[in-house]
Amino acid sequence: MENPALDRNTRAIFVGSLGRDLAANTAIGMISSLVTLYIIATTDAPQLALSAVIISTFLYVFLSAMNTMDQFKASIADMDDQDSASHSGQHGKKAPFAMWKTIYSLCFLAMAVTQLLEVWM
């Protein structure tokens with residue numbers, strides 16, 4: 001038994017949870033980077049351990065964010081006719097996901113690389 005209104009509501013809840021996931025992921029990455037920068041600036045922490053934290057944080061943030069953005073894109077592709085015709089649906093279809101993913105990745109990659117350079121130089 002299909003209920004279009006219930007399906008739309010379920011998709012809206014799902015997309016809302018994706019937004020919270022991406023925000024939480026970004027917050028984890030930023031807080032971790034700030035803590036790592038503080039450790040680099042104030043202590044003589046072991047280089048290898050600090051490098052492992054920097055690299056694993058970058059990988060976590062990168063993989064999680066890319067998956068979340070792919071889920072956003074897939075949810076837009078799965079919209080029904082009513083949602084597709086809405087302003088939000090039209091805006092979503094034109095969203096530059098490749099650009100967002102690239103910029104997001106470059107920002108966190110730059111933080112990781114500069115932190116690693118500071119640790120090892």
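Start by selecting Phe108: at 9% relative accessibility it counts as buried (under 20% relative accessible area; over 50% is exposed and anything in between partly exposed, with a 1.4 Å probe and protein chains only). Before you click on, note that this is a predicted model, where local features need pLDDT of at least 70, side-chain atom pairs count only at pLDDT 80 or more, and totals for chains, interfaces and linings use all residues. Residues are numbered from 1 along each chain as its sequence is written, and side-chain values use heavy atoms, with hydrogens and water left out.

Now colour by pLDDT, the predictor's confidence in each residue, from 0 to 100. The protein averages 92, with 99% of its residues at 70 or more. Helix H5 comes out highest, at a mean of 96, and helix H3 (residues 81-85) lowest, at 84. Helices here are DSSP runs (H or I, at least four residues), numbered from the N terminus.

Next, the rings. Phe, Tyr and Trp rings (for Trp, the six-membered one) pair if their centres lie within 6.5 Å; planes under 30 degrees apart are stacked, over 60 edge-to-face, and the rest tilted. That rule gives 3 aromatic pairs. Show Phe58 and Phe62: with centres 5.7 Å apart and planes at 25°, this pair is stacked. Both sit in helix H2 (residues 47-77), 4 residues apart, or about one turn of the helix. Is Phe58 buried or exposed? Phe58 is buried, at 17% relative accessibility, while Phe62 is partly exposed at 28%.

Last stop: the cavity. On a 1 Å grid over the protein atoms alone, a cavity is a set of points where a 1.4 Å probe fits but cannot get out, and lining residues have an atom within 4 Å of a point. Grid points join across faces, edges and corners, and a volume is the space filled by probe spheres set on the points. Searching the whole structure turns up 1 cavity of 30 Å³ or more, and the largest cavity holds about 80 Å³. Select its lining, which includes Phe58, Phe108, Gly29, Thr57, Met111 and Gln115. Helix H1 (4-42), H2 and H5 are the elements giving two or more residues to that lining.

Definitions and conventions. 1 Å grid on protein atoms, 1.4 Å probe; cavity = no way out; pocket = protein on both sides within 12 Å on 5 of 7 lines; lining within 4 Å.
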